[in-house]
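Student: Hi! I'm new to this one, could you walk me through it?
Tutor: Happy to. Let's open it up and go piece by piece.

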Amino acid sequence: MCGIVGYIGAEQAAPILLDGLSRLEYRGYDSAGVAVFDAQAGALAVHKAKGRLQVLSDQLHGGATLNSTVGVGHTRWATHGAPSDVNSHPQVSRSGKIAVVHNGIIENYTELKAFLVAQGVPFTSETDTEVVAQLIEYFYEGDILAAVGRVLRRIQGAYALGILCADCPGQLVAVRKDSPLILGYGQGCNFIASDVTAILRHTRRVGYMEDGELAVLTREGIQCYNHLIQPIEKEITTVDWEIDAAEKGGYEHFMFKEIMEQPEALRRCLSPRIRDGEAVFEGLSLPPDLLKHLHRIYIVACGSSYHVGVVGKYHLERLTRIPVEVALGSEFRYMDPIVDENTLVIVISQSGETLDTMAALREARRLGGHILSIVNVVGSSIARESDQVLYTWAGPEIAVATTKAYTTQLALLSLLALWLARELDTVSDEEYRATLAAFQELPGKMEEVLSRRDDIQYFASQYFNHNSIFFIGRNLDFALGLEGSLKLKEISYIHSEAYAAGELKHGTISLIEDGTLVVALSTYGRLFAKAMNNVVEVKARGADVLSLTTQSCREEVAHTADAVMTIPDIHQLLLPCLGVVPLQLFAYYVALMRGCDIDRPRNLAKSVTVE
């Protein structure tokens with residue numbers, strides 16, 4: 001997802017914009033730009049550059065060459081038009097009077113562009129965003145807010161917009177629909193940003209724009225409006241985490257830092273929810289009629305959060321005996337889902353802004369389902385639109401490849417499954433107590449796994465030069481393999497696939513040849529013998545096998561596999577929570593040895609807010 005920063009105040013704008021954009025680099029981008037109002041020239045000054053933000057910063061000497069106190073900045077992830085200086089944001093109108101930065105997609109831009117071209121308006125870029133800038137100027141008659149309002153009635157799609165007008169040097173206009181945009185309230189200055197990390201150095205007082213809202217920022221304050229351009233009051237909240245949490249703190253990469261933070265993140269997530277021998281979810285109150293008549297559960301998510309859902313399906317069905325379907329957010333609306341008032345829809349998203357997942361949520365709500373979301377970002381769109389919300393409290397996650405968000409989502413969903421089984425009286429008291437005790441042991445056992453990370457680094461040094469890797473496992477181990485494979489391909493660019501081990505002879509085994517690396521997962525005790533049979537099968541075809549198992553099974557696995565990673569023994573419900581950590585570390589060290597940009601893998605963004 002692209003990054004937006006806007007500032008208006010008394011200080012030089014450009015250095016603040018560049019600093020804010022640097023804190024959004026983790027979101028993924030291929031070009032950067034800024035637009036400021038140059039008071040001396042009485043016009044907007046726009047500077048853009050393809051490539052890393054540092055290219056733009058060097059051109060502007062860190063912003064020192066731009067004398068202005070109002071501006072917008074942007075890091076672009078190409079959608080319409082290849083990465084280039086011309087296609088970078090900000091996009092400007094033909095006279096240069098209007099400058100626009102934009103996250104999202106204007107779905108009807110082709111139609112609007114054709115209309116403007118027919119009116120004699122020339123275009124210079126291939127972007128959908130330039131249509132917005134040109135259309136604002138087309139409707140502008142001296143009132144910038146009125147012009148923006150007319151444009152909003154004509155554009156379709158998802159957008160967060162930051163808008164400058166050369167005739168209004170004391171104003172910055174912001175608009176939001178289906179793409180996050182935050183207002184920052186400072187002392188004698190105000191901000192917009194697509195993520196709070198961009199402005200946290202300057203203010204902790206923020207407001208979350210809702211769909212269809214506009215805002216006009218001046219030095220003195222921020223006035224918000226609804227879609228009818230009627231003034232509204234905006235609730236201001238205070239961000240309660242430190243800026244240090246969004247910095248590397250001595251680690252080489254954010255991803256490694258966040259892997260190492262997982263035990264503490266789990267403590268924050270679980271400790272308040274296990275009290276006096278009971279699972280406690282304060283504020284969670286499912287309607288009695290829903291609990292009485294609950295007959296179906298959907299889990300809706302994308303990417304790693306979807307993999308959390310695959311694990312959660314096993315847990316929920318085993319503990320509650322209610323059918324569970326896991327659906328990709330991008331597919332949910334188009335599969336004619338069977339949802340009614342007796343359906344619980346669990347929506348999972350790290351950012352709480354994933355557009356496909358948000359659209360699925362709205363569809364499920366339209367059909368009458370009860371929405372329970374699991375998210376990390378407080379006040380995010382998905383959280384606000386859900387009937388119930390559970391926060392993971394993982395803290396800010398900066399690396400594109402998720403780690404601690406995955407483990408806290410997984411732990412929270414697993415605890416929810418246990419709680420729901422207790423509410424439905426489908427779990428024995430003995431299993432309930434034993435499982436809760438295991439949850440309390442989880443952070444400490446994860447620290448034990450992390451303490452042996454040198455072993456994982458050694459295995460990575462042996463296998464980093466493979467170009468195709470297969471993860472195999474059964475049941476929970478198959479679900480775990482999905483995430484392990486994704487982590488590896490995301491940051492190392494190695495072709496990697498996860499398969500249910502029982503499916504090997506249904507086609508997949510034809511891909512196994514001498515020297516193929518197979519990561520064989522065998523932590524799930526109930527299917528251990530079958531998992532070992534699959535290891536024998538791939539070994540017979542010449543595969544190199546790196547196994548992941550529990551400490552109690554290490555010796556037996558070592559007789560068959562070429563190398564063995566282990567995790568401590570723990571209740572089967574929590575095996576994936578522990579098992580994912582060696583796979584995260586393996587992916588990290590492999591990518592490190594291959595010289596990859598670990599925190600900013602190519603073509604990926606932290607939060608996907610376009611379809």
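Tutor: Keep in mind that this is a predicted model. Let's begin with β2 and β4, which run antiparallel and are joined by 6 bridges.

Student: Okay, in β4, which residue is the bridge partner of A35?
Tutor: The partner of A35 is V72 in β4.

Student: And how do β1 and β4 run, parallel or antiparallel?
Tutor: They run antiparallel, with 6 bridges joining β1 to β4. One place to look is G3, whose bridge partner in β4 is T75.

Student: How many residues of β4 are buried?
Tutor: The count is 7 of its 7 residues, so β4 is mostly covered. V70, V72, H74 and R76 point one way from the strand, while G71, G73 and T75 point the other way, and all are buried.

Student: New topic. I clicked on V151, where is that found?
Tutor: V151 is found in helix α5, residues 144–152. V151 counts as buried because its relative accessibility is 1%, and the cut-off for buried is under 20%.

Student: What does V151 touch?
Tutor: Leaving out residues up to four places away in sequence, V151 touches V132, L135, I136 and F139. As for Y138, which is 13 residues from V151 along the chain, the two C-alpha atoms are separated by 9.3 Å.

Student: Let's do sheets. What is the strand order in the open sheet of 5 strands?
Tutor: The order is β24-β23-β25-β26-β27, with parallel pairing. At the edges are β24 (495–500) and β27 (563–567), each of which pairs on one side only. On average, neighbouring strands of this sheet are turned by 20° against each other, direction ignored.

Student: What actually pairs the strands of a sheet?
Tutor: Strands of a sheet pair through backbone hydrogen bonds, either parallel or antiparallel.

Student: Which helix lies across β25, β26 and β27?
Tutor: That is α15, residues 453–463, and it runs at about 150° to β27. Helix α17 (residues 528–540) also packs on the sheet, touching β23, β25 and β26, and its direction makes about 170° with that of β25.

Student: And α9 with α16, at what angle do they pack?
Tutor: Helix α9 (residues 303–320) and helix α16 (residues 476–492) pack at about 170°, with their axes 9 Å apart. They are therefore roughly antiparallel to each other, since angles over 145 degrees count that way.

Student: Which residues meet there?
Tutor: On the α9 side, H307, V310 and Y314 are among them, and they meet a set in α16 that includes F478, L482 and L486. The residues of this contact divide into 8 nonpolar, 4 polar and 2 charged.

Student: Last topic: how many salt bridges are there?
Tutor: A search of the whole structure finds 32. In one of them, the side chains of R384 and E210 meet at 2.9 Å, N to O. That pair links distant parts of the chain, with R384 in helix α12 and E210 in the loop between β11 and β12, 174 residues apart.

Student: Are R384 and E210 buried or partly exposed?
Tutor: R384 counts as partly exposed at 28% relative accessibility, and E210 counts as partly exposed at 30%.

Student: And E213 with K234, buried or exposed?
Tutor: E213 is buried, and so is K234. Their side chains meet in a salt bridge of 2.6 Å, N to O.

Student: Which residues are linked in a network of salt bridges?
Tutor: R176, K177, D178, D211, E353, R362, R365 and E385 are linked that way.

Methods:
Residues numbered from 1 in each chain as written. Predicted model: local features only at pLDDT ≥ 70, side-chain atom pairs only at ≥ 80, totals over all residues. Heavy atoms only, no water. Pairing = 2+ DSSP bridges. Helix = DSSP H or I, 4+ residues; strand = E, 2+ residues; numbered from the N terminus. Axes fitted to C-alpha atoms, helices over the stretch in contact; angles between N-to-C directions. Contact = heavy atoms within 4.5 Å. Salt bridge = Lys/Arg side-chain N within 4 Å of Asp/Glu carboxyl O. Buried < 20%, exposed > 50% of the residue type's maximum accessible area, 1.4 Å probe, protein only. Parallel < 35°, antiparallel > 145°, perpendicular 65-115°, else oblique. Nonpolar A, V, L, I, M, F, W, Y, C, P; charged D, E, K, R; others polar.
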